Amino acid sequence: MDGPTEIIVVPHTHWDREWYEPFQRFRLRLVALLDDVFDRMATDERQRFTLDGQLAAVDDYLEVRPERREQVIALVRAGRLAVGPWQILLDEFLCSGENIVRNLERGLARSAALGGAMPVGYLPDMFGHIAQMPQLLAGAGLAHACVFRGVPDRVRSHAFAWQSPDGTTIRTEYLPGGYGNAAGLMDDPRLVTRRATDLAERLRGWRSTGDDTPILAMYGTDHAAPAPDAPDRLAAAAVDGVRLRLGTLAEYFATQPTTVDGLPTVAGELRSHARANILPGVISVRAHLKQAMGRAERRVERYAEPLAALYHDPSVQRFLDMAWTRLIDASCHDSVTGCGCDETAEQVAARLAEADQLGRAVCDLVGARLAGAVPRDGYLLFNPTPAARTALVRLDVEAPADGPVGLAGADGRVAPAQVLDQARTLLADDVVPAADLPAILTRVHGTELYGQEITGWSVSPADATLTFQVARHGDPAFDVEDVRLALAAATGPDRWRVRIVAAPRMTVAALVDVPALGHAAVRPVALPPGTPAGPAPDGSTPVAVAGRTVDNGLLRVEVAEDGTLRLSTPDGLSVAGVGRLVDGGDVGDSYNYAPPAADELVDKPRAVRTVVVHEGPVVAVLDVIREYRWPVGADVDAGSRRVERETVTVTTRVEVRAGEPFARLRLAFDNRCDDHRVRLHLPLPAPARSSYAEGQFAVVERGLTAEGGGGEVPLPTFPASGFVAAGGAEGSLAVLLTQPTEYELTESGRELAITVLRAIGMLSRNRHALRDEPAGPQLPTPQAQCRGERSVELAVLPFRGDWDSARVPAAAEAYRHELLAFPGAGDPSAGLPAPVTGLTVDGDGVTLTSVRHRDGRVELRMVATRDTAAVIGAGRRVRGASRADLRGRPGEALPVDGDGLVRLPLRAWEIATVQLDLTS
């Protein structure tokens, strides 16, 4: 470079909101740190500070120091304090794409209220980066990204062009040495010049010939403040050919071009181990947190928000806002990852439980209002997908007097139902002293008794019997005082028989039609004797069980002697050995798996039995029960598993429904062992050279290996959220998922391994066989051993061709999103209301990801797997439509045709946001 080199030194802190200490303990340190920093900034105009790219740190501080708000605003407006653009620094792979959008949207909005966001997608410490991040940042109006982990070895300059699958490219700054590459610069005032000289020499090597823009030096690290006299120390440094100045990260990027001309291009996700650890073990540790995240996100994104948006209930918006606050907070890169202390994991679990509860509360509020028009013996069913579907529903209904039962719709069509369970009718039959009868009556609360409502009662002095009849809906005229008077008049018997008799009820399963993002009502009806309980109305082949084999015409599942499964399709595709469980040792930590030096794998059960739970014809269920003897733990120092064994029974519930081409599996067991990893192995119909994993608005192709070169062994374990698929020309398997899950292609691509459990006892180990340096403090995490009842749910889909043409995303969509049922509350003599369509989104390769209410309009987001067109319609008339950016700002108007449809061209992997103005 010609002329002096300018280095912009950025004082900052990287603030892990919660990690090896829980949130509130870290917040005490945050408040003390920022008090000191802001006091200095009030007296020295030269001071600069960048607050880690996340508004959470500002919010956490101002909640304790609200009197500092105006000072913070003044510093942000003056350009001396850089805040945002994120609400929180997340883990990009362990939350949904929509969660990432809301995080950025909220952070930008909150930053604007404080004077403006740092216009940089700052991603300093995430454990790798998703493929669609460039498109997300650009869609929110940001022109730069800034990253550390995951950058591949071939990047040799400080800037590169990062490209999303749709072609969106963003100029991206790489942080050589990390977000603390100048952390020790001013620790000792006597050494600033020497260290600045070394720093300049190091960082110059990342500049290309002719690049005379300033160099970025990150002066800060975890939970640390800059030196109080940093401006003086930096001013005293004298480095030949170098000019040093303090600045914010925003000031540095103001000196950088926004174009990508001449830069090397890196396409897709950043998950290389070449330059920094990406700590892939966080994908599988504390799996219950990933399950809770997936469950809560689904509840809020795909059920609560669409119900509120499409069925006119703005009163619940505050509940949804609170749910999103908890989901965003839980997505933090030391939170849902599970790599913190046990107290942190407990807090994350509580937040996710609250998010799920808030989502359910919104569903209940909106659903109850809609179900008010449904007779009380019926149900309102909500379909969360944007296409009309015939799907299975399980309902608790009143049993007919005799014969089979069906579910009738408003049009009179009846779907024959399969009986899954019969409820008890005699709830209590006790003989008590007459003196205890007043106490017995105190069990009645209004009309409620034993969780049901009283429909009738009788007192029989002749046989000294008091009987209550109960059902789901009772007699509002019932008064317990009438019972007291009747008993008082029945003098004589000194012992009474008290009986609680419930109306006959049963749990049934049937296939019913429900409109797109709409609702339909059904009610039970008695069918003529001899009517088969078939899977009508869509004409699917009934499910049948013969011995240990289940067949629905689309998929045949056979249970082998060892408890594994053979899956076969009508076109001759067959794969055996599916579901082999392999238990091995794990002496690693929350960040990285590590097998003992002398590992012992257990994959053969001692005993196997199969139990038929339901025989069809709508749904068939088998329980495959396998008994294993697993080592109780590991001897970490000796590098081996312990010799003692614990008997563990693993129950795999296999469910096959009429009309579905996949088998649903649920694995459940009581984990009584420590320091181990359990994986479910699925042999592939043909060896795979790569896998395809869905997550965060993309399907990413990954090979059999991962790039190494940094400080950890590059194990090819990867995350998937919606599905992972692999195979070859002879056939493939897809595993459909409900939460972020770790997988690996093993045996040279011949098997797919899904991590079911990883039980470890240490946050980080100083000595780790597969990692050079500790990833955190060496602290015990006994709860991360995940003892107790554990379960995992997934589905297995065999298919031919590629995942897109085989409609694997549509199968994953159907698997994850069951119909939601609300009990009717209306007049039982009334008819059923007509079905209602909410919103339709059609188009090859188009996946809907969210529907919400925004500023009086309905906003929907979708992503396309190929060049296509989305056709959007609604049950109500569409008065207007427009595109919007990821911040919800309206853009290009879209035409609405004579049929009320909006046709939206989409390029492959485009994330599109559309706002609709619907009639009321």
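**Entry 1: R80.** I started with R80, which sits in the loop between α3 (69–77) and β3 (81–82). A reminder to myself: this is a predicted model. Is R80 buried or exposed? I found a relative accessible area of 7% for R80, and under 20% counts as buried, so R80 is buried.

Next I looked up what surrounds R80. Leaving out residues up to four places away in sequence, R80 touches M41, D44, E45, Q47, R48, F49, L75 and T248. I followed up on M41, which is 39 residues from R80 along the chain, with the two C-alpha atoms separated by 8.5 Å. Which atom of M41 does the side chain of R80 reach? I noted the backbone oxygen of M41, at 2.7 Å.

**Entry 2: α1 and α2.** I then turned to helix α1 (residues 23–43) and helix α2 (residues 55–64), whose axes are 9 Å apart and which pack at an angle of about 85°. Since angles of 65 to 115 degrees count as roughly perpendicular, I logged α1 as roughly perpendicular to α2. On the α1 side I listed F23, R27, L30, V31, L34, D35 and F38, and these meet A57, D60, Y61, E63 and V64 in α2. Sorted by class, this contact has 8 nonpolar residues, 4 charged ones and no polar ones.

**Entry 3: the nonpolar cores.** How many residues are in the largest nonpolar core? I noted 127, and the members that touch the most others are L736, L860, M862 and L916. Helix α9 (residues 287–310) gives this core its largest share, 11 residues.

Setting aside neighbours within four places in sequence, L916 is in contact with L839, R857, V858, L860, I872, V878, G880, A881 and V902. I also wrote down another core that lies apart from the largest one; this other core has 57 residues, including L420, L567, A663 and A726.

**Entry 4: α14.** My last stop was helix α14 (residues 808–816), which is mostly covered, with 7 of its 9 residues buried. Which ones are buried? I listed V808, P809, A811, A812, E813, Y815 and R816. The charged residues E813 and R816 are thus on the buried list too. What do the buried residues of α14 pack against? I found helix α9 and the strands β34 (663–671), β39 (723–728), β40 (731–737), β43 (788–799) and β46 (846–854).

Methods:
Residues numbered from 1 in each chain as written. Predicted model: local features only at pLDDT ≥ 70, side-chain atom pairs only at ≥ 80, totals over all residues. Heavy atoms only, no water. Axes fitted to C-alpha atoms, helices over the stretch in contact; angles between N-to-C directions. Helix = DSSP H or I, 4+ residues; strand = E, 2+ residues; numbered from the N terminus. Parallel < 35°, antiparallel > 145°, perpendicular 65-115°, else oblique. Contact = heavy atoms within 4.5 Å. Core = buried A, V, L, I, M, F, W, Y, C linked by side-chain atoms within 4.5 Å. Buried < 20%, exposed > 50% of the residue type's maximum accessible area, 1.4 Å probe, protein only. Polar contact = N/O pair within 3.5 Å; in protein donor to acceptor, adjacent residues only side chain to side chain.
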